[in-house]
Amino acid sequence: MKLKSGLKILYPVIDGEITGGNIIALRIIEEALRNGYGAVVNSPSDGKFIRLLEEKGIKVYHIDTRKTFRLDSAFRLARVVKKEGVGLIHSHTPLPGTVLSRISGWLAGIPVINHTHNPEFINRNPLVGVFQSLLLWASSRLFRGRIIAVSEFVKSEIVKQGCPEDKVTVIYNGINLDGSGEKDSRFRIRSEFGLEENQPVIAEVGRLGNDKGQHILIQAAPYVIEKFPRAIFMIVGEDLWKKGEYRRELEAMAYSLGLKEKIIFTGYRPDIMDLMDAIDLFVLPSVFTEGLPVVIMEAMLARRPVIAASVGGSPEIVINARTGTLVTPADSVKLAEAIVYHLSNPDISRRMAQSGYEFLKQRFGRRRMLDETMEAYREFMEGPQR
């Protein structure tokens with residue numbers, strides 16, 4: 001069904017880098033364009049993600065929405081709304097951008113959708129935290145619109161943080177179920193890194209950061225290598241927040257544990273599905289909360305067994321002992337035991353991987369996510385909103 005054309009939507013995003021949340025935003029923007037909507041984006045910073053947008057001819061503004069107290073940014077966003085003829089704001093930002101988007105929508109007199117990929121992070125500084133909590137609570141009642149949570153976990157957390165439950169709708173993240181790695185990608189990737197076909201390869205994919213738990217995987221590696229001496233660990237992703245400092249810390253940890261030849265840091269890779277085909281086991285040992293990790297879906301699409309820390313929305317897709325294995329967060333021993341179990345029981349591991357693939361196809365397709373989001377647009381444009 002063709003949606004109402006002529007409407008332009010402003011998409012505030014977290015930043016200019018390629019992240020899971022930004023890729024979800026990009027897929028929604030592409031679908032909006034296909035359905036006759038116009039799109040402009042606001043990003044506080046430049047980066048690879050902005051290049052993707054510009055290649056599609058999408059106009060990008062650079063208003064700083066990273067600080068909650070930058071209320072001037074809300075006025076600047078409202079001016080963009082008026083200048084561009086925007087009729088709806090659909091934000092994909094953390095707390096500061098969420099609040100500023102709501103205020104700018106209120107100033108401009110248009111509805112706002114906040115796409116919430118994680119629970120809102122309240123600053124630990126008591127004064128700043130109280131200010132943020134008050135703005136979050138007040139703006140959630142002030143703005144006309146809806147909050148989309150990417151998992152039931154995220155919904156429950158933001159309701160606890162003061163958002164009205166009747167404004168929150170769960171729309172699960174989704175991926176292209178027809179996607180796969182290129183032919184012979186397993187051989188190509190393994191050849192690139194000098195790996196033999198029968199070497200066990202355990203990988204983590206994602207932004208490098210303490211919250212993602214790469215250090216937990218490195219700490220687990222010696223126990224795994226004791227049982228499987230030929231095992232290799234692949235850590236895929238960029239250190240976006242610390243500009244390389246965290247990666248150097250991880251490399252130093254690996255060196256101190258005698259793992260220099262056992263851990264491969266690949267940096268950013270655009271060929272994630274090819275990499276998934278090349279590995280034997282995917283792990284996501286996140287320490288803090290996850291909304292609903294797209295990278296788990298990518299591993300399941302490649303029919304790779306998944307081990308994930310039991311945090312955030314991960315248990316909504318990794319059903320323990322069925323579609324994957326859940327482990328205690330920040331516990332390198334439990335993680336190591338889970339890896340050894342999967343490598344020692346390939347038949348069980350393959351059955352979990354197949355179950356994960358089937359569960360993914362049932363519930364986490366991109367088409368469903370896009371249809372539900374476009375339906376939300378239609379409701380906003382055709383009916384009264386609170």
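This is a predicted model: local features need pLDDT of at least 70, side-chain atom pairs count only at pLDDT 80 or more; totals for chains, interfaces and linings use all residues.
An α-helix has 3.6 residues a turn, so residues three or four places apart point the same way. After helix 7 comes Gly 194, with a positive phi near 70°.

| Helix pair | Axis separation | Crossing angle |
|---|---|---|
| Helix 1 (residues 20–34) and helix 14 (residues 366–382) | within 10 Å | roughly 60° |
| Helix 11 (residues 294–301) and helix 13 (residues 346–363) | 8 Å | about 120° |

The axes of helix 1 and helix 14 cross at roughly 60°. Angles of 65 to 115 degrees count as roughly perpendicular and those under 35 degrees as roughly parallel, and helix 1 is therefore oblique to helix 14. The crossing of these two helices is right-handed. On the side of helix 1, the contact is formed by Ile 24, Arg 27, Ile 28, Glu 31, Ala 32 and Arg 34. Helix 14 contributes Arg 366, Arg 367, Met 369, Leu 370, Thr 373, Met 374 and Tyr 377. Sorted by class, the contact of helix 1 with helix 14 comprises seven nonpolar, one polar and five charged residues.

Helix 11 and helix 13 pack at an angle of about 120°, which makes helix 11 oblique to helix 13. Helix 11 passes helix 13 in a left-handed crossing. Here Met 297, Met 300 and Leu 301 of helix 11 meet Gly 356, Tyr 357 and Leu 360 of helix 13. By class, this contact of helix 11 with helix 13 holds five nonpolar residues, one polar residue and no charged residues.

With neighbours within four places in sequence set aside, Ser 151 is in contact with Val 170, Tyr 172, Gly 291, Leu 292, Gly 313 and Glu 316.

Technical notes. Residues are numbered from 1 along each chain as its sequence is written. Side-chain values use heavy atoms; hydrogens and water are left out. Axes are lines fitted to C-alpha atoms, for helices over the stretch in contact, and angles run from 0 to 180 degrees between N-to-C directions. Helices (H or I, at least four residues) and strands (E, at least two) are DSSP runs, numbered from the N terminus. Angles under 35 degrees count as roughly parallel, over 145 as roughly antiparallel, 65 to 115 as roughly perpendicular and the rest as oblique. A crossing is left-handed if the near helix is turned anticlockwise from the far one by less than a right angle, and right-handed if clockwise. Contact means heavy atoms within 4.5 Å. Ala, Val, Leu, Ile, Met, Phe, Trp, Tyr, Cys and Pro count as nonpolar, Asp, Glu, Lys and Arg as charged, and the others, Gly among them, as polar.
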